[in-house]
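Here are a few exercises to work through with the model open in your viewer. Try each task before reading its solution.

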Amino acid sequence: MPLYPEIEPYDHGMLDVGDGNHVYWEVCGNPRGKPAVMLHGGPGSGCNPGFRRYFDPAAYRIVLLDQRGCGRSTPHASAYETDMSVNTTAHLIADLERLRAHLGIGRWLVWGVSWGSVLGLRYAQTHPEAVSELVLTGVATAASREVALLTRGLGKIFPEAFERFLELVPEDERDGNLAAAYNRLIESPDPDLRARAARGWTDWETAFAPAPPRSIPRYEDPAFRLSFARTVTHYFGNDHFLGEGNDQGVVLRDAPLLKDIPGTLVQGSLDFGNLLGTVWHLHQAWPGSQLVMIDDVGHHAGAAGVVDALVAATDKYAAVG
């Protein structure tokens, strides 16, 4: 089941969400269709036009946004003076509520990839009345142990890349929270150090990217690289701002709150998050969920089998009022 054809937005704007931040949003598809909102990954990746194509444009009113600090939203996290203290999970959830009210939407389907799946789950747990369904891929819950796996545990699988990853980190910080250590480097007033740390972070992420090809072209843009690395390490280094008890996972702990929300979880069998059983544990704790595993695919929403399953899910939910 292929992606739907390319489409252009029929409306867009910049929403003032407070704290000096303006969030870019756009809407495409059918103005009278079923509302759906797309949540990109990262944190800090930004939305892209390809996200519009996971929905039937005749059936859905499709909303995309760039979360705080990234994409077309302002101020951009690549600017040293941008205040990251007002970029947290709670802020992003509040932004979604402001955007929903601004667009006059009662309930919407929430589609999320990677970090977007975390944000979508937490949003649904805290605002269940606003969410009709969830469609999630590259599923994560942002538990501390998931961050530990990505920043340290995978070093056993990719030892050469991990050794390079550690080079910039001061020796007395190498046994601690590596995301927080990198964030301190990226927050340095020294622009050269910030740039080298951003490159070090994205080189590490590239090392365990799906292959072939083992490359992520957007990381070659210095502004994107800095913005992305700064935002990811800001969240990873602060337990994703999910509060007490995130060792095993606040999102997973609160999965029963999703009991009245139907959802589809689409996961590649080779996604490294599966090493902790994250998506399986979430599925078991969420009675209204369907788990679709795609063989021989990693953390990649654009893989053929993953696309088929995601489009099948949105087609199925299009018929639900």
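Predicted model: local features only at pLDDT ≥ 70, side-chain atom pairs only at ≥ 80, totals over all residues.

Residues are numbered from 1 along each chain as its sequence is written, and side-chain values use heavy atoms, with hydrogens and water left out.

**Exercise 1. Check the span of H6 against its number of residues.**

Step 1: Locate helix H6 at 191-207; helices here are DSSP runs (H or I, at least four residues), strands are E runs of at least two, and both are numbered from the N terminus.
Step 2: The expected span is 1.5 Å times one less than the number of residues.

**Exercise 2. Describe how H5 and H6 pack.**

Step 1: The axes of H5 (residues 178-186) and H6 come within 8 Å and cross at roughly 150°. Axes are lines fitted to C-alpha atoms, for helices over the stretch in contact, with angles from 0 to 180 degrees between N-to-C directions.
Step 2: On the H5 side, Ala179, Tyr182, Leu185 and Ile186 make the contact (heavy atoms within 4.5 Å).
Step 3: H6 contributes Leu193, Arg194, Ala197, Ala198, Gly200 and Trp201.
Step 4: Sorted by class, this contact has 8 nonpolar, 1 polar and 1 charged residues. Ala, Val, Leu, Ile, Met, Phe, Trp, Tyr, Cys and Pro count as nonpolar, Asp, Glu, Lys and Arg as charged, and the others, Gly among them, as polar.

**Exercise 3. Which residues line the second largest pocket?**

Step 1: A pocket is an open set of points on a 1 Å grid over the protein atoms alone, where a 1.4 Å probe fits, with protein on both sides within 12 Å along at least five of seven lines; lining residues have an atom within 4 Å of a point.
Step 2: The lining consists of Ala161, Arg164, Phe165, Glu167, Leu168, Tyr182, Gly200, Asp203 and Trp204.
Step 3: Helices H4 (159-166) and H6 each give two or more of these residues.
Step 4: By class, the lining has 5 nonpolar, 1 polar and 3 charged residues.

**Exercise 4. Where are the cis peptide bonds?**

Step 1: One joins Gly42 and Pro43, with omega about 0°; Pro43 sits in the loop between S3 (34-39) and S4 (60-65).
Step 2: Another joins Thr74 and Pro75, with omega about -10°; Pro75 belongs to the loop between S4 and H1 (89-102).
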